[in-house]
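User: Can you take me through some helix packing and ring contacts in a model I have open?
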Amino acid sequence: MNHREAAEEFVELLAAMARLRGEQGCPWDKEQTHETLRPFLLEETHEALEALRDGDPARIREELGDVLHQIVFHCQLAAEKGEFTAADVIRQLREKMVRRHPHVFSGEPLRDSAEVIKRWADLKADEKETASASILGNLPRSLPALARAQAVTERASRVGFDWPAIDPVWDKLEEEFRELRDARASGDKTRIAEELGDLFFALVNLSRFLGLQAEDVLTDATERFIRRFRYIEARLREAGSSPACASPEELDRLWEEAKSSERSAKNSA
């Protein structure tokens with residue numbers, strides 16, 4: 001990696017951002033604030049995540065650039081107010097990376113990634129200003145619910161608050177399902193919602209024990225549903241019909257046909 005080239009390009013990027021915000025700059029850019037830019041940062045982050053899922057290097061490069069644009073924009077806004085600069089952000093990040101990787105920068109021996117994760121959690125806890133700070137951190141509520149739940153359970157597991165193996169997780173899942181059925185029979189909406197939430201949370205723990213990301217698993221399942229439903233729509237459209245006009249039996253038949261078509265396409269790939 002050519003660090004000098006990257007540094008030079010970053011300086012040019014900061015200069016371009018400053019010019020966009022300058023007197024002769026872009027009217028739209030000059031109107032923006034930290035608050036107005038929030039939805040753009042969220043959107044660009046999700047687009048970058050989708051590019052990473054797809055694995056296309058060209059798209060990943062572009063989307064990471066869009067995220068960097070938002071970061072540089074916020075740095076410029078803060079610099080104009082005298083709050084902090086891009087250099088401050090980079091310096092703080094670099095110092096944090098060094099501080100949280102003593103096994104790399106200070107020669108502290110660690111055997112494996114599990115020890116690295118535990119040491120990372122300990123170091124984060126040491127950095128907190130008060131003893132009451134939680135090891136769970138302050139995961140934002142704006143995170144997708146499944147991703148936030150998994151992050152919470154992962155952080156708790158680092159300090160030993162976890163099941164010792166996957167079998168008790170299966171038991172917990174079955175327990176939560178029974179409790180949901182009981183709540184449904186009671187007709188108590190609040191209790192039903194709580195038990196359904198507990199069931200989701202148990203499924204998140206199961207995903208973690210299986211080495212999967214619950215958010216990705218559900219996203220993939222949703223995409224499969226969309227593909228199969230569109231297949232049903234296309235087949236019915238060919239027959240001059242639609243899902244609203246088809247019988248439940250016909251919909252089920254076409255659904256199984258869509259699944260079979262997918263399996264055949266995978267096998268021939």
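User: What should I know about the model and numbering?
Analyst: This is a predicted model, where local features need pLDDT of at least 70, side-chain atom pairs count only at pLDDT 80 or more, and totals for chains, interfaces and linings use all residues. Residues are numbered from 1 along each chain as its sequence is written, and side-chain values use heavy atoms, with hydrogens and water left out.

User: At what angle do α8 and α10 pack?
Analyst: About 65 degrees, with the axes of α8 (residues 145-157) and α10 (residues 189-209) 9 Å apart. Axes are lines fitted to C-alpha atoms over the stretch in contact, and angles run from 0 to 180 degrees between N-to-C directions. Helices are DSSP runs (H or I, at least four residues) numbered from the N terminus.

User: Which residues of α8 and α10 make the contact?
Analyst: With contact meaning heavy atoms within 4.5 Å, α8 contributes Leu146, Ala149, Gln150, Thr153, Glu154 and Ser157, and α10 contributes Phe201, Val204, Asn205, Ser207 and Arg208.

User: Now the rings. How many aromatic pairs are there?
Analyst: Three, counting Phe, Tyr and Trp (its six-membered ring) with centres within 6.5 Å; planes under 30 degrees apart are stacked, over 60 edge-to-face, the rest tilted. Phenylalanine 225 and phenylalanine 229 are stacked, at 5.9 Å centre to centre and 10 degrees between the planes.

User: Why are phenylalanine 225 and phenylalanine 229 about one helical turn apart?
Analyst: Because they sit four residues apart in helix α11 (residues 214-238).

User: What does phenylalanine 225 form with tryptophan 255?
Analyst: A tilted pair, 5.4 Å centre to centre with 50 degrees between the planes. Tryptophan 255 lies in helix α12 (residues 248-268), 30 residues from phenylalanine 225. Phe225, Phe229 and Trp255 form one aromatic cluster.

Note on methods: Helices (H or I, at least four residues) and strands (E, at least two) are DSSP runs, numbered from the N terminus.
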